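Here are a few notes from going through the model, for you to check against your own view. Have the structure open while you read.

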Amino acid sequence: MNYVSVENIAKGFGERILFKNISFGINEGQKIGFVAKNGTGKTSLLDIVAGDEEPDEGQVVYRKNLKVAFLPQEPNLDPALTIEQTIFASDNDILQVINTYEKALLNPDDVENYQQAFEKMDAINAWDFETQYKQILFKLKLEDLTKKVSELSGGQKKRLALANILLSKPNLLYLDEPTNHLDLEMIEWLEEYFAKENFTLFMVTHDRYFLENVCNEIIELENGQLYSYKGNYAYYLANKEARIINEQITTDKAKQLYKKELDWMRRQPKARTTKSKSRIDDFYEIKERAHKRRNDHEVQLEINMERMGSKILELHKISKRFDNLILLDQFEYVFKKGERIGIIGKNGTGKSTFLNMITGAIPPDHGKIVIGDTIKFGYYTQSGITIKEGQKVIDVIREFGDYIPLKKGRQISAQQLLERFLFDRKKQYDFVEKLSGGERKRLYLCTVLIQNPNFLILDEPTNDLDIVTLNVLENFLLDFPGCLIVVSHDRYFMDKIVDHLFVFRGNGVIQDFPGNYTDYRIYEDSKEPEVKTSDPTETKVKNTWKKDNKAALSYNEQKEFNKIERELKKLELQKKEIENLFAEGNLDEEKINTESKKLQKIIQEIEENEMRWFELSEKMEE
C-alpha cells in the first residue's frame, strides 16, 4: 500500500540548486534510511517530505487518513508542561483513556466516573499499553514524570519527543538523527524496538549499524540525483560500489567516443545538414558524460607529527567526585605509544569529566596526572566551534595554522586540508554562519587537526556528521600515528578505529576491556547470570574475563528481585479479581467504594514494584 508519493520536487536557494526532478514513493512496511552529504539538501528534502517545508516545484501526495509523526533534531515542546502532561497531550486515543482512568483512581468516591473509565480501559484492552508506555519512558530515562519541559536538557527533550511519537503509534514515522543524545544502551534498545515493531520509517541517521539492522531500503541523494537500494546498509555499500564501477566504465567509453566525435567536429564545414546538427547535439551530450567526475575524497595523509618521548601520559590513583556522585576512584593507567582507546558508558558516568581532567581543564580530587614533555593534545569537545560574525571558512582554520607538515619534506596547506574534508574552494570562502550544523562540526575537526597534535582526544566527534564525512575521518584516524582517545556512541566508528575500551560502569568503576565494541557486546551477551538451582546436574558458567562485582546483583538484591516477581503475580491476581467484581455489576454503592480504594492501592503497589523490578533488571544486564 502506497503511503506517500513524492513527485518531481525541486529545491534551491538563490542560484544554488540542491536538487530537482526528485521522485520516489514510501510504501507500507518500508523502513527507509536516507543518506547524503551534509549541505547537499538532506534536511531540506526530509522537511519537504514531512510537510514542514514547501518545494520550489513538484508536490508530495499523502494517502487519506494517514497518521504521520516527525522527530526533528530540535523538538518543539511546550515548556510549561510536565513530562507526563506532554505524553498525555498527544492525540493517541488509548493514552487519553489511560489518563482518564488514572484521574478516576484519584477520586474513588465518584463511582460512576470510575466505572466508565474502567469499562473503557477494558473495552480497548489498554492495560498492556499502560505497561508499554511506562517501559518506554523507563528505557529513555524519563522516570520523573512531574519534571517540567523547561527544566530538561537538550538530550532529555529529544528523548521525550521520541517517547511521545513512539506512543502515538503513527502509520508513518519520520526521524532526523534519532540516535543523537541517546547512550549506547538506549540506541540498542531503540534499534531492537524498530526492528520488531510494525512501523513504516523514513529516517536520516549516521549510525551505520542502525541502518544495517533496521532498514530494508537505503535512498541516497548524491550530486542532485536520487539512488535507491532495496536492502540494508551492507547491500547499499556493495551495490553502490558496483554502480560507481559501471559509471566509470560508461565515462571511459564516453571519453573515447568524445575524442572520435571531436575529430569529426573539427573536420566539418560551417554549413551543416539536419543530420549533422542532430549529431552535433549528440556530441554535446557525450561531452557532458565524458567530463563527469565523482567528487569523492579520500584522506591519505602521512603526517609528520612531533616526536613522542618515552613518557606520554600517566594517571596515578586519580579520583573525582561531585557531592555524592563518584566518577573516578583510584584509577591508574600508563599510556603507550600508538594506543587507540574507546570510552563507553551511560550518560553521567564521568566520560567527559575524565577527558577534561586529562587535558587540565578540571583537576582531580586526589592522585596525580603526569603528561610527557613532548605531548601535544588535540582536543575536540562537544561544545563545537565559536562563530564570529562575518568570518569565512578559510579564515577560521588559518587562526589555528597554515599547514600540516608531512613526511619527506612535504606539507598540506589549510586549503588542501579543507578540500580533503569536503570543503571545495568555493565553499571555503562562504561565511561560517551559512554552514549547516554538520559542516560546522567538520570545520571544527579541521581546526583541531591543523594544529598537528600527537595525542588526539575526540569527545563525540560523530554527532551531526554525515556518512561520507565519517568515512573521511575514519580514514584519517586509521593513518594517524599518535595516541587516540575517543568517546562515541557510534558503534561502527568505534569498531573501526579503537583497539580496546575503557568501560565506565558508574560509581567510579572503570574497566579496561581488551577489544572493540562488538567484541565487548559479544562478551556481555555471552555472560549468564548466576541463578541458584535445586538441580545438582546444572553447572554455573564462569566468565573467563575478570568482571566487576558491583555491576551484578548482590545476594540481598537477588532475593529482592525474586520476591518482587512473586509479589507482582499475587497483586495482578488480586487486581483481576476486583476488576471481575466490577465487570459483573452486582455491587452496591458501599461495596463499590471499598473495592475502588482497594484497587487503587493495588495499582499503586504494582507500579512501585514494577519500577524497582526494572531497576534490578537493568543492573543484571550490565
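1. Keep in mind that this is a predicted model. Let's start with the neighbours of Ile9. Leaving aside residues up to four places away in sequence, Ile9 touches Phe19, Lys20, Asn21, Ile22, Leu45, Ile48, Pro55, Glu57, Gly58, Gln59 and Val60.

2. Where does Ile9 sit? Its place is in strand β1, which covers residues 2–13. Ile9 has a relative accessible area of 0%, so it counts as buried. Take Phe19 from that list of neighbours: Ile9 and Phe19 are 10 residues apart in sequence, and their C-alpha atoms are 7.9 Å apart in space.

3. Now over to helix α6. It has 14 residues, and the distance from its first C-alpha to its last is 20 Å, close to the 20 Å expected at 1.5 Å a residue.

4. How many of the residues of α6 are buried? The count is 12 of 14, so the helix is mostly covered. Among the buried ones are Lys158, Arg159 and Asn164, along with Leu160, Leu162 and Ile165.

5. Next, the pairing of α6 (residues 154–167) with α7 (residues 184–196). Their axes come within 14 Å and cross at roughly 15°. An angle under 35 degrees counts as roughly parallel, so that is how α6 runs relative to α7. The crossing is left-handed.

6. Which residues make that contact? From α6 they are Arg159, Leu162 and Leu166, and from α7 they are Met186, Trp189, Leu190, Tyr193 and Phe194. By class, the contact has 7 nonpolar residues, 1 charged and no polar ones.

Terms used. Residues are numbered from 1 along each chain as its sequence is written. This is a predicted model: local features need pLDDT of at least 70, side-chain atom pairs count only at pLDDT 80 or more; totals for chains, interfaces and linings use all residues. Side-chain values use heavy atoms; hydrogens and water are left out. Axes are lines fitted to C-alpha atoms, for helices over the stretch in contact, and angles run from 0 to 180 degrees between N-to-C directions. Helices (H or I, at least four residues) and strands (E, at least two) are DSSP runs, numbered from the N terminus. Angles under 35 degrees count as roughly parallel, over 145 as roughly antiparallel, 65 to 115 as roughly perpendicular and the rest as oblique. A crossing is left-handed if the near helix is turned anticlockwise from the far one by less than a right angle, and right-handed if clockwise. Contact means heavy atoms within 4.5 Å. Ala, Val, Leu, Ile, Met, Phe, Trp, Tyr, Cys and Pro count as nonpolar, Asp, Glu, Lys and Arg as charged, and the others, Gly among them, as polar. Buried means under 20% relative accessible area, exposed over 50%, partly exposed in between (1.4 Å probe, protein chains only). The expected span of a helix is 1.5 Å times one less than its number of residues.
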